[in-house]
Amino acid sequence: PRVAGKLKITWVKSAIGFSEDQKATIAALGLRKLNHSVIQDDTPVIRGMLDKVQHLVKVEEVED
C-alpha cells in the first residue's frame, strides 16, 4: 500500500469573524498563531479538517 505523505500546513488568514468550530479546527491542526506552519500526515481526517478551513490555510505536499 502507498504510504501517506506529509502536508505542510500554514495558517495565512485570521480566524476572527469565523465560527468557533473553525477556530477549534485551526487549533486541532496544531496551529498556534498566524503564519505558523506544521507538518501533518496526509490522512482522510486531516484532509477533512483542511477542507473545513481551506480559506484560512495554505497547504503544500512535502517529501518525507
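Let me start with one pair. The side chains of Thr 10 and Ser 37 are joined by a polar contact of 2.7 Å. A polar contact here is a pair of N or O atoms within 3.5 Å; within protein, one must be able to donate a hydrogen and the other to accept it, and residues adjacent in sequence count only if both atoms are side-chain atoms.

A word on the source. This is a predicted model, where local features need pLDDT of at least 70, side-chain atom pairs count only at pLDDT 80 or more, and totals for chains, interfaces and linings use all residues. Residues are numbered from 1 along each chain as its sequence is written, and side-chain values use heavy atoms, with hydrogens and water left out.

Back to Thr 10. Thr 10 sits in strand β1. Strands (E, at least two residues) and helices (H or I, at least four) are DSSP runs, numbered from the N terminus. Is Thr 10 buried or exposed? Thr 10 is buried, at 9% relative accessible area. Buried means under 20%, exposed over 50%, and partly exposed in between, with a 1.4 Å probe and protein chains only. Leaving out residues up to four places away in sequence, Thr 10 touches Asn 35, His 36, Ser 37, Leu 56, Val 57, Lys 58 and Glu 60. Contact means heavy atoms within 4.5 Å.

Take Asn 35 from that list. Asn 35 lies in the loop between α1 (20-28) and β2 (37-41). Its phi is near 65 degrees, a positive value in a residue other than glycine. Most residues other than glycine have a negative phi. Asn 35 counts as exposed, at 57% relative accessibility.

Another loop residue is Gly 17, between β1 and α1. Gly 17 is exposed too, at 74%. From Gly 17 to Ser 37 is 20 residues in sequence and 21 Å in space, C-alpha to C-alpha.

Now the charges. How many salt bridges does the structure hold? Five. The cut-off: a side-chain nitrogen of Lys or Arg within 4 Å of a carboxyl oxygen of Asp or Glu.

Lys 6 and Asp 41 form one of them, at 2.6 Å, N to O. Lys 6 is in strand β1 (residues 6-11) and Asp 41 in strand β2, so this pair ties together parts that are 35 residues apart in sequence. Both ends are partly exposed: Lys 6 at 30%, Asp 41 at 38%.

Next, a network. Salt bridges link Asp 42, Arg 47 and Glu 61. Asp 42 pairs with Arg 47, with the closest N and O atoms 2.8 Å apart. Arg 47 also pairs with Glu 61, at 3.5 Å, N to O. Arg 47 lies in helix α2 (residues 44-52) and Glu 61 in strand β3 (residues 57-62), so that bridge ties together parts 14 residues apart in sequence. Asp 42 is buried at 17%. Arg 47 is partly exposed at 37%. Glu 61 is exposed at 60%.

Last, the whole chain. The protein has two helices and three strands. Of the 64 residues, 30% count as buried. Among contacts with a separation of 6 or more, 72% join residues 24 or more positions apart. The C-alpha trace spans about 40 × 20 × 15 Å along its principal axes.
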